[in-house]
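Below is a short note for a colleague who is opening this entry for the first time. Please keep the sequence and the structure in view while reading the points.

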Amino acid sequence: SLPNGYTAFFPQGHSTEAFSPVRFDLTSRPMSQLMFNANTTYDHYDKQIKTINFELGIKPSKSLSFLMERRYTRDATTFFSGGNAVTIPGTTFVTGTGILNLPKGWKLQYSSRFDEVESRFQENDVSLGFNDPCRCWGLSFDYIKRNHYNLGLEQPETKFMVHLNLLGLGSFGSGQEKLLHR
C-alpha cells in the first residue's frame, strides 16, 4: 500500500526514481559590497519546479553586513510513521541576518526566520563570537529560541550553545553532532 515511487526496501520517505531533480545555481558578487545567489530545482518526473531559493547580501561598511534569504518548497513532504503516511505541507521561509564585526576579533550576529505559511517567526538566534587574530582558534556563544511544529503540535525550544573552533582541525561544543569535521 506504498505510494508510487516508494518501496519497502528503501528507508521511509526515499524515492526509487532513478534521477534526482535538476538543480540550477547562480552565484554572483557584482561588487565587493553586494552578493546575489539563487538556486532552483526542477523535477523532470513531475515536470514542476520544486524549490526556489535566493539570497541577497549587502555590506555597507567593513564592519556591518546584512543577509536576506527566501526559501520556497512547492510540494508537501510525505513520510511514514508507525505504518501511516504523514504529510507536511510545502514551506516558505524568509531569514534575515545582521552581522556586526567588532574590534579585536569579536563578532555579533542576529538572525530571525519567518514562516510565511504559518505567518509567524519560527526562530531567533543571537550569537557572539571571537576569532583569535592568529586564526588558529575561535569561540562562540549562541542563544537560540525556536518553535517546532510536529504534526500540528507546537513545541518551543530554547538553546544555549558554546562552540570552540580549532581552525584547520575541526570544532566541538554543545549542540554539535560531530566532534571533528573538516
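Which residues do ring pairs link into a cluster? Trp106, Phe130 and Trp137 are the residues linked in this way.

1. Basis of the note. This is a predicted model, in which local features need pLDDT of at least 70 and side-chain atom pairs count only at pLDDT 80 or more, while totals for chains, interfaces and linings use all residues. Residues are numbered from 1 along each chain as its sequence is written, and side-chain values use heavy atoms, with hydrogens and water left out.

2. Aromatic pairs. Searching the whole structure gives 5 aromatic pairs. Rings of Phe, Tyr and Trp (its six-membered ring) pair if their centres lie within 6.5 Å; planes under 30 degrees apart count as stacked, over 60 as edge-to-face and the rest as tilted. The pair of phenylalanine 114 and phenylalanine 121 is edge-to-face because the ring centres are 5.0 Å apart and the planes stand at 65°. Phenylalanine 114 is partly exposed, its relative accessible area being 26% (buried means under 20%, exposed over 50%, partly exposed in between, with a 1.4 Å probe and protein chains only).

3. Within it, phenylalanine 130 and tryptophan 137 make a tilted pair, at 5.4 Å centre to centre and 55° between the planes. Phenylalanine 130 is buried, at 15% relative accessible area, whereas tryptophan 137 is partly exposed, at 30%.

4. A charge over a ring. Arginine 113 lies over the face of phenylalanine 93, 4.7 Å from the ring centre. The criterion is NZ of Lys or CZ of Arg within 6 Å of the ring centre and within 35 degrees of the ring normal.

5. Threonine 41. This residue belongs to strand β2, residues 34–43 (strands are DSSP runs of E, at least two residues, numbered from the N terminus). Threonine 41 is buried, with 14% relative accessibility. Its side chain and that of threonine 51 are joined by a polar contact of 2.6 Å, meaning a pair of N or O atoms within 3.5 Å, where within protein one must be able to donate a hydrogen and the other to accept it, and residues adjacent in sequence count only if both atoms are side-chain atoms. Beyond four places in sequence, threonine 41 has contacts (heavy atoms within 4.5 Å) that include Pro21, Val22 and Gln48.

6. Serine 63. The loop between β3 (48–61) and β4 (64–73) holds serine 63, which is partly exposed at 30%. Leaving out neighbours within four places in sequence, serine 63 touches Ile99, Leu100 and Asn101.

How values were computed. Helices (H or I, at least four residues) and strands (E, at least two) are DSSP runs, numbered from the N terminus.
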